[in-house]
Amino acid sequence: MIFGIPLLVFLVGIIFLIQWIAFIPAFIFQTEKFFDLIGSMTYVLIMSLAVFLSAEMDGRSMLLLVLVMIWAIRLGLFLFSRIQKTGKDSRFDKIKPFFLPFLLTWTIQGLWVTFTLAAALSAITTTHRKDMGFPALIGLILWISGFFFEVVADHQKRAFRANPDNQGKFIDSGLWALSRHPNYFGEIVLWIGIAVIAIPVLQGWLWLSLISPVFVIILLTRISGIPLLEKAADKQWLEQEAYQAYKERTPLLIPKLWIHQ
C-alpha cells in the first residue's frame with residue numbers, strides 16, 4: 001500500500017499521469033517526435049518505482065527490472081533516432097491538430113504500458129514471494145531469444161534501408177527470409193518470457209495480469225502492427241512477382257526453420 005491505495009493501482013495512475021503531462025507540450029508545439037520516447041521511458045520509471053516502493057526486493061523483481069529496462073531503453077532510442085531521421089510520424093498527421101483525438105492517442109499509450117507491464121508489476125508488487133527456480137530460467141531464455149530476434153531484425157532492416165541501392169525495394173534477407181515480421185515475433189516471445197518469470201508468484205486476481213503477452217499478441221497481429229504493415233506493403237509491391245513469391249514462401253510471423261533457395 002502507498003498513500004492508502006494498493007501499490008499496483010498507484011503505479012497505473014502514474015503511468016497515465018505521465019502520458020497526460022507529456023501530451024500538453026506535444027499538443028502546444030504540434031509534435032509527436034518524443035511520443036515513442038516518452039512511452040519507453042515510462043516503462044523504465046514505473047519499473048524502477050515498483051522495485052523501490054515494494055515491500056521486498058528479491059531476485060525475481062530485480063531480474064524483471066533489468067530485462068524490461070534493457071528492452072525499453074533499446075526500443076526508445078531506436079524509435080527516437082528513427083523519427084529524428086524521418087522528421088515525423090505520418091500516423092499523427094490527421095490527429096495532431098485536434099485536442100481530443102491527440103489526447104486519446106497518449107491515453108492509449110498509457111493502456112499499452114499498463115497491459116504489457118501487468119505481469120511484471122504484479123510479480124514485483126505482490127507480497128507473495130518464492131525462489132526464482134526453473135520457471136525464471138525458462139522465461140529468461142525466452143526473453144533472450146525474443147530480444148535477439150527483435151534487435152537483429154531491426155538492425156537488418158535499418159541497414160537495408162540505408163543502402164541507396166535498395167530504394168523502393170522490400171527486404172527479404174536475413175531474419176526477414178524466415179518471417180515477414182521477425183521483429184514482432186521477437187517482441188511477442190520476450191513478453192511471454194516476462195510472463196513466465198512472473199507466474200510462480202501470481203495468485204488470486206493477479207492471475208489476470210497474464211493478459212500481458214495476450215495483449216501484445218493481439219495488438220501486433222490484429223490491430224496496429226502486422227495488419228497496417230501488410231496493407232502498406234501490398235499497396236506498394238503486390239503487383240511485383242518477386243514480392244508475391246516472397247509472401248508465398250515466407251510465414252507471416254512465426255519463422256520457418258529453413259531459407260528458400
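A residue is counted as buried when its relative accessible area is under 20%. In the predicted model, leucine 175 has a relative accessible area of 11% and is therefore buried. Leucine 175 is located in the loop that connects helix H5 (133-162) with helix H6 (182-198). Leaving aside residues up to four places away in sequence, the contacts of leucine 175 are Phe149, Val152, Ala153, Gln156 and Pro182. Aspartate 58 is 117 residues away from leucine 175 along the chain, and the C-alpha atoms of the two are 36 Å apart.

The secondary structure of the protein consists of nine helices and zero strands. Read from the N terminus, the order of elements is accordingly α-α-α-α-α-α-α-α-α. Along the principal axes, the C-alpha atoms occupy a box of roughly 60 × 50 × 25 Å. Of the contacts with a separation of 6 or more, 81% join residues 24 or more positions apart.

Buried residues account for 48% of the 261 residues. The largest nonpolar core contains 64 residues, and Tyr43, Met47, Trp71, Leu117 and Trp191 have the most contacts inside it. For tryptophan 191, the contacts beyond four places in sequence are Tyr43, Val68, Trp71, Thr116, Leu117, Pro213 and Val216. Another core, of seven residues, lies apart from the largest one; Phe23, Ala26, Phe92 and Trp106 are among its members.

The protein exposes about 13,800 Å², of which carbon and sulfur atoms supply 70%. A nonpolar patch on the surface is formed by Leu104, Ile108, Leu111, Phe115, Ile211, Val214, Ile218 and Ile223, whose accessible area together is about 660 Å². At least two residues of the nonpolar patch come from each of helix H4 (99-125) and helix H7 (211-223). Isoleucine 108, one of the patch residues, belongs to helix H4. With a relative accessible area of 47%, isoleucine 108 is classed as partly exposed, because this class covers values between the 20% limit for buried and the 50% limit for exposed residues.

Note on methods:
Residues numbered from 1 in each chain as written. Predicted model: local features only at pLDDT ≥ 70, side-chain atom pairs only at ≥ 80, totals over all residues. Heavy atoms only, no water. Patch = residues over 30% accessible without salt bridge, like charges linked within 9 Å, V, L, I, M, F, W, Y side chains within 5 Å. Areas by Shrake-Rupley, 256 points an atom, 1.4 Å probe, with all protein chains shown as cover. Salt bridge = Lys/Arg side-chain N within 4 Å of Asp/Glu carboxyl O. Helix = DSSP H or I, 4+ residues; strand = E, 2+ residues; numbered from the N terminus. Buried < 20%, exposed > 50% of the residue type's maximum accessible area, 1.4 Å probe, protein only. Core = buried A, V, L, I, M, F, W, Y, C linked by side-chain atoms within 4.5 Å. Contact = heavy atoms within 4.5 Å.
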